[in-house]
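Open the model in your viewer and keep the selection tool at hand. We start with the whole chain, then zoom in.

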Amino acid sequence: LNNSPKSINYYINCYEYFIKYFMEGNLCNQINERVIIEYINFLYEKDPPLSGETVKSYLVGLRAIIYYWQKEGYIQSFTIKIPKTDTTIKEPYSDEDIKRLIKEPRFSKCSFAEVRDWAMTCFFLATGCRLSTATNILIGDVDFIQKD
């Protein structure tokens with residue numbers, strides 16, 4: 001397996017969340033479709049309730065683990081259906097918002113934090129990369145000569 005540490009932690013979290021729900025007095029080979037349906041209901045009925053996307057995320061990770069157990073013969077095979085969720089469409093920035101975000105600050109009159117925030121905003125808008133990608137960039141990764 002070539003999973004990143006973040007992926008491994010994701011699977012561990014999905015597994016641990018399910019185990020808190022299921023394992024008291026139960027055995028792994030008792031996991032079946034009915035148990036998963038009850039688990040889905042449990043996730044939706046939590047207080048405070050989990051969002052549909054969070055429930056979906058927990059189930060996708062758990063499904064990978066359970067399918068592995070099925071492949072190894074630890075439990076009987078069954079299909080785990082991931083519930084459909086309503087996707088919340090986020091309002092994009094307007095052209096005016098973007099112009100304000102990338103307006104170059106007056107370097108002589110602003111703080112380091114303002115320059116840093118401006119530089120990061122321009123970087124994210126230009127590249128579309130995620131925060132986790134940006135935080136892993138090293139100085140050696142940047143070609144200051146080619147500027148491409």
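Show the whole protein. Its radius of gyration, taken over C-alpha atoms, is 23 Å, whereas a compact globule of 148 residues would have one near 15 Å (the globule rule is 2.2 Å times the number of residues to the power 0.38). Along the principal axes, the C-alpha atoms fill a box of roughly 65 × 35 × 25 Å.

This is a predicted model, in which local features need pLDDT of at least 70, side-chain atom pairs count only at pLDDT 80 or more, and totals for chains, interfaces and linings use all residues. Residues are numbered from 1 along each chain as its sequence is written, and side-chain values use heavy atoms, leaving out hydrogens and water.

Color by pLDDT, the predictor's confidence in each residue, from 0 to 100. The protein averages 88, and 98% of the residues score at least 70.

Switch to cartoon. You will find six helices and zero strands (DSSP runs: H or I, at least four residues, for helices; E, at least two, for strands). Select residues 52-72: this is helix α3, with the highest mean pLDDT among the elements, 93. Helix α6, residues 131-135, has the lowest, 86.

Next, select residues 95-102 and 112-127. These are helices α4 and α5, packed at an angle of about 135 degrees with their axes 9 Å apart.

Now show side chains. I98, L101 and I102 of α4 meet W118, T121, C122 and L125 of α5, with contact meaning heavy atoms within 4.5 Å.

Methods. Axes are lines fitted to C-alpha atoms, for helices over the stretch in contact, and angles run from 0 to 180 degrees between N-to-C directions.
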